[in-house]
Amino acid sequence: MKKNENVCDCNPINEKIVKDTIKRLPEEELFINLANFYKLLGDVTRAKILFAIDTNEMCVNDISNVVQMSKSSVSHQLSDLKRAGIVKSRKDGKEVYYSLDDDHVKDLFELGIEHIDHKRNER
């Protein structure tokens, strides 16, 4: 007899909770976008760039000095982050300054750092 993969062997399924959760599931596209958002944040280089511009608006030259990378590498990363709505830019004459796009991004980034610091200090 073939085992039903949707049945839990240890406890009865709470049908009300399962149906409610399924009903509230967003469209697949939201999960794809969410995963892509976190993939962009999940890169060491981009994390350093985000840290650099978390509290100060900075130009590519300044960011590249902070993260010890070439300006072209930093520009490439900033382009990806900007396209994803994580970073925004402001032009002042010939210079372009970058900062986190909004408070949501700032909060997510800072909460991640806070969480890591908290866990590290628990040890």
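**Helix H4**

I began with helix H4, residues 60-67, and looked up which of its residues are hidden: Val60, Ile63, Ser64 and Val67 are buried. I then checked how they are placed around the axis, and since they cover an arc of only 100°, they lie on the same side of H4. I note that the model is a predicted one.

Next I asked what the buried residues of H4 pack against, and I found helix H3 (44-55), strand S1 (58-59), helix H5 (71-83) and strand S3 (95-100). Just after H4, I wrote down a positive phi of about 55° for glutamine 68.

**The aromatic pair**

I searched the whole structure for aromatic pairs and found 1. It joins phenylalanine 37 and tyrosine 38 in an edge-to-face arrangement, with 5.3 Å from centre to centre and 80° between the planes. Phenylalanine 37 is buried because its relative accessible area is 18%, and buried means under 20%, whereas tyrosine 38, at 44% relative accessibility, counts as partly exposed.

**The nonpolar patch**

Tyrosine 38 came up again when I turned to the surface, where it belongs to a nonpolar patch with Ile13, Val18, Ile22, Leu25, Leu30, Phe31, Leu34 and Leu108, and together they have about 790 Å² of accessible area. Helices H1 (15-24) and H2 (28-41) each supply at least two residues of this patch, and H2 gives the most, with 4 residues. Isoleucine 13 lies in the segment before H1, and at 39% relative accessibility I record isoleucine 13 as partly exposed.

Methods: Residues are numbered from 1 along each chain as its sequence is written. This is a predicted model: local features need pLDDT of at least 70, side-chain atom pairs count only at pLDDT 80 or more; totals for chains, interfaces and linings use all residues. Side-chain values use heavy atoms; hydrogens and water are left out. Patches are made of residues with over 30% relative accessible area and no salt bridge: like charges are joined within 9 Å, nonpolar side chains (Val, Leu, Ile, Met, Phe, Trp, Tyr) within 5 Å. Accessible areas come from the Shrake-Rupley method with a 1.4 Å probe; for residues, only the protein chains shown count as cover. A salt bridge is a side-chain nitrogen of Lys or Arg within 4 Å of a carboxyl oxygen of Asp or Glu. Buried means under 20% relative accessible area, exposed over 50%, partly exposed in between (1.4 Å probe, protein chains only). Rings of Phe, Tyr and Trp (its six-membered ring) pair if their centres lie within 6.5 Å; planes under 30 degrees apart count as stacked, over 60 as edge-to-face and the rest as tilted. The arc is that of the directions from the helix axis to the C-beta atoms. Contact means heavy atoms within 4.5 Å.
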